[in-house]
Amino acid sequence: MQASAIAHPNVALIKYWGKRDTGQNLPATGSLSLTLEGLQTRTRVSFDPALQADQVSVNGAADAKAAGGVVRCLDQLRAIAGSRDFARVDSENDFPTGAGLASSASGYAALVRAASAALGIVGHEAELANIARQGSGSAPRSLYDGIVLLENIDDGIACRSVCAPEDWPLSVLVAVTSRAPKSVGSTAGMERSRLTSPCYRGWLETHPADLQTALECVARRDFDRLAKVSEHSCLKMHALAMSSQPALVYWNAATMAAMQVVRDLQASGVPVFFTIDAGPQLKAVCLPEAVPGVKAALAACPGVLELIECTLGRGAREIAQ
Ligand code: 2P0
């Protein structure tokens with residue numbers, strides 16, 4: 001009745017921002033992401049008949065904020081397994097939590113993997129993805145390897161790997177520009193954009209074509225075109241955020257400076273592009289041969305506190321205790 005799992009965060013190239021059903025936490029659009037080896041959540045779940053309630057700790061401290069979503073996921077897993085036992089959940093991130101580095105995605109992916117293993121659930125992959133997305137809409141993507149597609153289907157989502165890490169070994173350099181938790185979380189932010197941004201309709205109308213283009217680029221390993229459509233999706237998402245009322249500006253001065261560094265590198269022919277999530281960190285996606293040059297340029301950028309080097313990684317998996 002006990003198991004551990006690790007999961008990596010993911011970064012979306014074609015973003016998810018806005019829900020089609022808020023109560024069910026269903027995304028309005030699909031998305032395409034990279035699973036990032038180099039950042040890691042490690043979660044241990046122990047079901048114990050002596051417990052009177054589920055207990056959740058994140059980075060060594062009880063986390064009441066995470067507990068609601070965790071209990072919701074555990075309830076569904078207990079229903080599949082026919083168990084009534086409560087669980088102790090201990091989760092540790094080796095990177096800043098709640099700062100735009102997708103700790104909720106890796107957190108819920110690791111939770112679902114560890115809890116399902118502890119309960120002896122075999123198979124049920126589609127259900128596991130739909131349970132994970134109720135905790136965090138981006139979490140199902142962290143269950144899968146390499147480049148991952150999340151699609152809407154009738155009553156939920158479907159998620160799968162569309163390219164294994166070894167089939168297109170992209171690198172991602174995460175430029176950390178602040179370790180502070182963000183002031184407005186993704187859930188509240190995307191809801192505000194849906195309700196108030198005049199750009200939201202255009203986002204929904206143009207998103208399917210962006211996703212289709214990106215999938216074609218992955219199939220053809222067309223880095224230059226993938227760079228263009230990914231930056232477009234990122235900037236369109238931030239245009240939605242910035243045009244919300246009140247405005248959501250997730251960038252700081254160093255985010256902008258790092259973006260300029262990437263644009264300058266591109267102008268000199270370096271295969272690199274940027275993407276930014278609901279936080280001030282910039283992620284530079286590049287071909288492996290470009291890593292040393294991109295790293296040096298970002299390290300010299302004022303306001304960049306730390307660079308974390310990632311490669312494409314594997315989806316969430318059970319590990320030995
Ligand atoms: C993404 N983000 O596609 C987008 C881009 C952040 C910016 O998915 O409300 O924490 O829990 O479903 O999963 C972050 O959203 O939001 C996210 P909820 P989640 O990566």
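Here are a few questions and answers about this predicted model.

User: How many disulfides does the chain have?
Analyst: A disulfide is a covalent bond between the sulfur atoms of two cysteines. To count here, a pair of cysteine sulfur atoms has to sit within 2.5 Å. Going by that cut-off, the count of disulfides is zero.

User: Which cysteine has the sulfur nearest to that of Cys 159, and how far away is it?
Analyst: Cys 159 is in no disulfide. Its side of the story also includes burial, with a relative accessible area of 11%. The nearest cysteine sulfur is 14 Å away, and it belongs to Cys 73.

User: What radius of gyration does the chain have, with its helices and strands?
Analyst: The secondary structure comes to eight helices and 16 strands. For 321 residues the globule rule gives 20 Å, and the chain comes close to that, so it is as compact as a globular protein of that length. The radius of gyration is 19 Å.

User: What share of the contacts with a separation of 6 or more links residues 24 or more positions apart?
Analyst: Of the 321 residues, 55% are buried. The C-alpha trace spans about 60 × 40 × 35 Å along its principal axes. As for the contacts with a separation of 6 or more, the share from residues 24 or more positions apart is 76%.

Technical notes. Residues numbered from 1 in each chain as written. Predicted model: local features only at pLDDT ≥ 70, side-chain atom pairs only at ≥ 80, totals over all residues. Heavy atoms only, no water. Buried < 20%, exposed > 50% of the residue type's maximum accessible area, 1.4 Å probe, protein only. Helix = DSSP H or I, 4+ residues; strand = E, 2+ residues; numbered from the N terminus. Rg over C-alpha atoms; globule rule 2.2 N^0.38 Å. Contact = heavy atoms within 4.5 Å.
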